[in-house]
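Please read these notes with the model open beside you.

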Amino acid sequence: MSLSADTTPHWEEIGARKRGALAASIPEEWRIPADLLPPEAQDDVTSWPETSGWFTDEELAITEQTAGDLVRRLSTGELTSEAVTRAFCKRAAAAHQLTNCLSETCFDRALATARQRDEQFARTGQPVGALHGLPISLKDNFHLRGLDATVGFASHVGDAADDDAALAKLLEEGAGAVFYVKTNVPTAMMIAETVNNVFGRTLNPRNRRTTSGGSSGGESALIVMKGSPLGVGTDIGGSLRIPAACTGIFTIRPSFGRFPVRNCRSGMPGQEAVASVNGPMARTLADVELYSKTVVDCEPWLYDAKCVPLAWRAAQLPPKLTIAVMWHDGMVRPTPPVARALRDTVAKLRAAGHDIVDWDPSDQKQGADLLGRMFVADGGKAIRHELGRTGEPFRPEMQAYEEATELGTWEMWKLHAERTEYQNRYLDRWNRAGIDAILCPTIPFPTVKATTFKHVAYTGVFNVLDYSAVSFATGHHVDKDTDRLDSSYEPLSDTCKAVNEEFDVDLLDGLPISLQLVARRLEEEKVLAMSQRVLDALSQPAVVQAVPPRGHQRTRSQL
């Protein structure tokens, strides 16, 4: 659709038409009967597929499995790709009707690809790639031919892609995956909640009054609803890790160059001061590793000139890890449930024999400041241009972009130099400390009520550093009787005060709590292996001894 000043339909009309087309793309057989829909007041809808009676036993048995389990059964012919794909298409359609998590569907393409996988397996007895016949969901910004990639802008509606993104080609042709849906994102993919003026807001299926995070919040909601066994999102300031933490799933933020980004749509094209990367989201750490190894084994450097030719390397970990704990980032203290999960995780790591030291957070503020300045260095022009094409307004969450002042070239060069100096100083500190990883919150809360998200610095600083990072579910859950703000709480900033005082423990009671483990640049294999060590420690019985909240462990990070 070509847009001009004289003929451009209003953004509201465009959005209504696009929402209607998305709804119409769901076949009648996959539209939930009105009498089976959960009431709007029902917060948690994660159990609805199993309790509604709308799914067959076979559909439930398929969609309850992990990606790894499905691949094993698909690759031996125990399951057909068509049966698996059809089940996930239906469950994804249901997830959308309950949480508004999709932006595009391509069910016909999916079923045709699945049949091809089954026919080839029947003919040769061999699977097509390491993900043979597995349905994989993609975030909205990945181009798939014939589908839009709006990234939340009305101006991109009708601008269908004429080719697949490099990662999509790698996954489909090299790994044997099947594509069936794309998922919702916030405007320009630059909001920590998933909301835009085209599709609206994606809800957290664990509590529909809370956010599923952003910008990969459509993916996180879909995966929690088991409408996808494995999804792919992106991360420029936490856009994988934030939604993973908001919904209690697993993800890895890889370093730039590990996975291909070619032919993906950006919300701010040409912004490369802080790199956008993509990575997997799944219900298990094993599935995150399965995807990561598969992509690297397909030699992504042959698909994208920006990928580094680095083969997958099995991590060789020492028996005892040295982990630095960042109890807070110097700006915002974690809310009580996150602080409790962090204390317990540290206690169990110590009990498992790992060496724990404190990490001085004094450098975090500069990293957060760098991130914010780089995001708005163009004065918000890229976003303003797309909004202006249809008269679409800035959303209130994007005030910083609306009010930004553009930097000149010389000022931008100075910003790049400051970033490089910061990266090297952080590396030197890490090396002097002799640590393997940093353990810290992913976000300061488990999730929050929609529209109230604040503070992305726990994730965003590691984007500036381009470090490998995993967000993982700890197995802890919010307890309204335990996790109330202590009277001794002292805020570190106005934002810290707002985050902790607005924390609604009654609303979030029972929701999962995540943490983040960070390794150095291009250490994807190592951070995944270390995350498994952390999960192993967490699986052990509770540790009795108390762990002081901060400042009482041996400290190497200040050397």
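1. Asn 204 has a relative accessible area of 0%, so it is buried (buried means under 20% relative accessible area, exposed over 50%, and partly exposed in between, with a 1.4 Å probe and protein chains only). Asn 204 sits in the loop that runs between strand 5 (200-201) and helix 8 (217-224). Helices here are DSSP runs of H or I with at least four residues, strands are runs of E with at least two, and both are numbered from the N terminus.

2. A word on the source: this is a predicted model, in which local features need pLDDT of at least 70 and side-chain atom pairs count only at pLDDT 80 or more, while totals for chains, interfaces and linings use all residues. Residues are numbered from 1 along each chain as its sequence is written, and side-chain values use heavy atoms, with hydrogens and water left out.

3. What does the side chain of Asn 204 reach? It makes a polar contact of 3.3 Å with the side chain of Thr 210, and one of its polar atoms is 3.2 Å from the backbone oxygen of Thr 211. A polar contact is a pair of N or O atoms within 3.5 Å; within protein, one must be able to donate a hydrogen and the other to accept it, and residues adjacent in sequence count only if both atoms are side-chain atoms. With neighbours within four places in sequence set aside, Asn 204 is in contact (heavy atoms within 4.5 Å) with Asp 43, Thr 210, Thr 211, Ser 212, Cys 246, Thr 247 and Thr 447.

4. Ser 212 belongs to the loop between strand 5 and helix 8. Its relative accessibility is 0%, so Ser 212 counts as buried. The side chain of Ser 212 comes to 3.1 Å from the backbone oxygen of Gly 217. Not counting residues up to four places away in sequence, Ser 212 touches several residues, among them Asn 204, Ser 220, Pro 243 and Cys 246. From Ser 212 to Val 448 is 236 residues in sequence, but 8.9 Å in space between C-alpha atoms.

5. Ser 52 lies in the loop between helix 2 (48-51) and helix 3 (57-63). Is Ser 52 buried or exposed? At 15% relative accessibility, Ser 52 counts as buried. Its side chain reaches the backbone nitrogen of Trp 54 at 3.2 Å.

6. Asp 504 is in the loop between helix 17 (494-501) and helix 18 (505-508). With a relative accessible area of 37%, Asp 504 is partly exposed. A polar atom of the Asp 504 side chain lies 3.1 Å from the backbone nitrogen of Leu 507.

7. Helix 16 (residues 457-465) is largely enclosed by the rest of the structure, because nine of its nine residues are buried. Among these buried residues are Tyr 458, Phe 462 and Asn 463. Just after helix 16, Asp 466 has a positive phi of about 60 degrees.

8. Two packed helices are described by the angle between their axes and the distance between the axes. Axes are lines fitted to C-alpha atoms, for helices over the stretch in contact, and angles run from 0 to 180 degrees between N-to-C directions. Angles under 35 degrees count as roughly parallel, over 145 as roughly antiparallel, 65 to 115 as roughly perpendicular and the rest as oblique.

9. Helix 15 (residues 409-433) and helix 16 have axes that come within 9 Å and cross at roughly 100 degrees. Arg 419, Tyr 422, Gln 423 and Tyr 426 of helix 15 make the contact with Val 461, Phe 462, Val 464 and Leu 465 of helix 16.

10. Helix 12 (residues 364-375) packs against helix 16 at about 75 degrees, with the axes 8 Å apart. Helix 12 and helix 16 are therefore roughly perpendicular as well.

11. Helix 10 (residues 285-297) and helix 19 (residues 524-538) pack at about 170 degrees, their axes 11 Å apart. Helix 10 is therefore roughly antiparallel to helix 19.
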